[in-house]
Every structure is written in C-alpha cells, then in structure tokens.
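Hi,

Here is the structure I said I would pass on. Have a look at it first, and my notes on what turned up follow below.

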Amino acid sequence: TTVLICAGTAAEEGRPRARDIGLVVGIFPPGKHNAITDVSGVRVGHSTLIKGDDIRTGVTAIIPAPGNLYTNPVPARIHIGNGYGKLVGISQVHEFGEIESPILLTCTLCVWKAADALREWVYLQPGMGEHTINPIVGEVNDAVVSNMWAQPVAREHVFAALNSASGGPVQEGSVGGGTGSQTYHWKGGIGTSSRVLPAALGGYTVGVLVQSNLLAGATLSMNGAPVGRELNSYAYKDTFEASSASTRSKRDGSIMMVVATDAPLDTRTLDRLAMRAMMGIARTGSVAENGSGDYVIAFSTHPDLRRNRTSETPITTPGLLNASMDPLFTAVVEATEESVYNALLKATTVESARGRLTALPLEPVKEILKKYRVLDWDKNLPPYTTVR
C-alpha cells in the first residue's frame, strides 16, 4: 500500500513550533509566516511516501521564483560545509552562479530518479525548448526507517511535490524530504524560518528551509540550554560510560539548507551569506562531522537580478556592498537556527520494520528550557530600544 501525502494534509498531532512554546531566537523579527515563503515568489511543496513496512521517505520542492527559470534564472551559490553527499547540479551553479530549475530535497539514493523527473517537469513548463537543463537535487540519508536502496521515489512523487508548491505557511516535521530523517538522537525533518530587517537596515527578508538529518553523534543545544545533556543523549555518551555498546558503528548525519532572500546579492555575496548558515546549525550543536553532508543553497529573488539568459550587449545589475552584509549575516544565522528547532519540535515519531525515530519529548524539553531561562526572551529581556 502506498500513501502519498501532499502539502498541508499530513497530521502534525498538534506539535508546536519554537515560538509556540516561547523559544524566541535572535533579535530580528520573523516574517508573516516565519517561513522561507516570506520571501516573495518562493513556493514550497511536499510529497510524503509511506509504503509497506520499510518505505518512509518523500520529496520537498522549493520553487525559487515565478516564471521560466531557464530563460530568466536567479543568481545563486552553493556552499559546502562538509561534502559527504550527493548534490546533483552543483558544478554548473558554481560555474554560472545561477539556478535554472526548482530545487528538490529527497533521500540519498533517490536523487538521480528525482533529477530525471524534475528534468521532465521543467520541459513541460511554458516557454521551454530543446536544450539542456541543470536540475538541483539534494538529499539526506533516511535509512534508519526507510529502504533507500529500493530507490522508492518516482516521477509521480516529484510531480506531486512540484505541483502542490505554494506560498504561505509551510508544513514542517515528518513530511516530504524530511519524512525519515533524524536529528540529534530524535526525529528530525523539514523546518523553516524567516527574518525581516528593519527599514534602516534595508528592509530585506531572509528565509531558510532545512531538511534536517543532523548528527546523532552531536549534542542538542536550544538557545544555549544543554537539552541533549539534560535528556541524557549526547555525543560520545557510550565512550564516557565505558559501555560495551561503544564498539558499535557511529552513524553520521547531513543537512540541506536552502536560503532565499530578496536582497540584491550577486553570486559572491550569496556565497558569503550561505557560509553563515553553518553558524546557525553550529548554535544547535552541529560540528559538521566527517560523514556529514552539509550544503547551503542560497539564491536571490530580487527582480532586477533576473537577467535574460542571453544578451548581445552588456547589462548592469544592482548589488549590496560588502559593508552592508552584516545584518543579512545575522538574519540567516538566526533563521537557520530556528529552522532546526522547528524541524525537531514539529516532527512526529516515525517507525518501520527497519527502525524507529522517536519525536523529541515536548514536556521534558519545555521544563529544561524553563530551567535555563531561555524562553520568552521577547518578553523577559529589556526591549532593544531601551538597551544602553
């Protein structure tokens, strides 16, 4: 039996996002939906594949901008935090500094089938002719609960994610490409967040979406509170306890981070922005271990940067100076950190014949966060306008 769940229909069992429990990250405010879709024109869709007793996977699609991305690509850059992964399309993005297709996130051994389906979907869009296309497909390893060796993702799942992509609220947790992922010993998944800069700092929006499969060999921190330690699930626990279990093989993880902004950034400044997303996951406990595939795909939707694919004459485009980047760096770090928390908090328990990934226990976590006084910082700390 195959159950295909598209965006907005999978049950989340009422689990909260970070801000629902008072976990407020950083200083800049989020956008209307606190999601990557707060960047105008960005759309997200999911398809979730539950099949038999060993398939728990799916596809998440991010469409960067409206219109034909091939004839009018968006400026982009991909940063490699640690490169143990399979990211289809990376070399052409590095060469041209552009993205010409939607972005897909799926399971490790599903990337090539997903890329082929994305190629087909792109050619079906208006205004396409006979030429090559560079699909962008990232992945995480969901083998704890899903048989990725069966390469279960097919054309119908890719098309469902792409065709359901929309703006507005984004479904998070155990959905789409995050259906079978793990994060810091618990169930991970899809998470998203955004930041809006004050008008005095440009008024730009930065949105982040993560497919979080972060390291089971690291230790979860939330707003600085040692949640992993308090829950007795932390890095190298078996070694410290001199347990016989310490001889078991260590499983690494991965994370795909997609960063969108409406700021006028070229390829070079997008690369600088993408690098800072790694600082966001570091705040949650990640150390980018040896076997981790940590990638950041960053793009700008600023309309004046969407150039025609060909031109016989030189063109000019706007761009922020290096000295104007600091607020955007802060925004992407904050949004990335909160996206990981949202992925963890929204994720529901997923199990199969292969294994079980248990959702982060909400009540104990809330008690830990209260203990370390890291909740409701927007209410309990002096407002920024009064800080001297």
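How are α6 and α7 set relative to each other, oblique or parallel? Before the answer, please keep in mind that this is a predicted model. The two helices pack at an angle of about 45 degrees, and their axes are 7 Å apart. With the cut-offs used here, angles under 35 degrees count as roughly parallel and 65 to 115 as roughly perpendicular. α6 and α7 are therefore oblique to each other. Their crossing is right-handed. On the α6 side, the residues making the contact include L273, R276, A277 and I281, and on the α7 side they include F329, V332, V333 and V340.

As for aromatic pairs, the count is zero.

Now for the sheet. Six strands form an open sheet with mixed pairing, and they come in the order β5-β4-β13-β12-β11-β10. β5 (98–99) and β10 (189–196) are the edge strands; each has a single partner strand, so one side of each has no neighbour in the sheet. At the β5 end, β4 (residues 74–83) runs antiparallel to β5, and two bridges join them. If you want a residue to start from, V74 has I99 in β5 as its bridge partner.

α6 (residues 267–284) packs on it and touches β4, β12 (254–261) and β13 (293–300), with its direction at about 40 degrees to that of β4. α7 (residues 326–346) lies across β10, β11 (205–213) and β12, and runs at about 150 degrees to β10.

There is another helix pair to look at, α2 (residues 111–123) and α3 (residues 155–163). Their axes come within 9 Å and cross at roughly 55 degrees, which makes α2 oblique to α3. This crossing is right-handed. In α2, the residues involved are A114, A117, L118, E120 and W121, and they meet R155, V158, F159, L162 and N163 in α3.

Happy to go through any of this with you.

Cheers

How values were computed
Residues are numbered from 1 along each chain as its sequence is written. This is a predicted model: local features need pLDDT of at least 70, side-chain atom pairs count only at pLDDT 80 or more; totals for chains, interfaces and linings use all residues. Side-chain values use heavy atoms; hydrogens and water are left out. Two strands pair if DSSP finds at least two bridges between them. Helices (H or I, at least four residues) and strands (E, at least two) are DSSP runs, numbered from the N terminus. Contact means heavy atoms within 4.5 Å. Axes are lines fitted to C-alpha atoms, for helices over the stretch in contact, and angles run from 0 to 180 degrees between N-to-C directions. Rings of Phe, Tyr and Trp (its six-membered ring) pair if their centres lie within 6.5 Å; planes under 30 degrees apart count as stacked, over 60 as edge-to-face and the rest as tilted. Angles under 35 degrees count as roughly parallel, over 145 as roughly antiparallel, 65 to 115 as roughly perpendicular and the rest as oblique. A crossing is left-handed if the near helix is turned anticlockwise from the far one by less than a right angle, and right-handed if clockwise.
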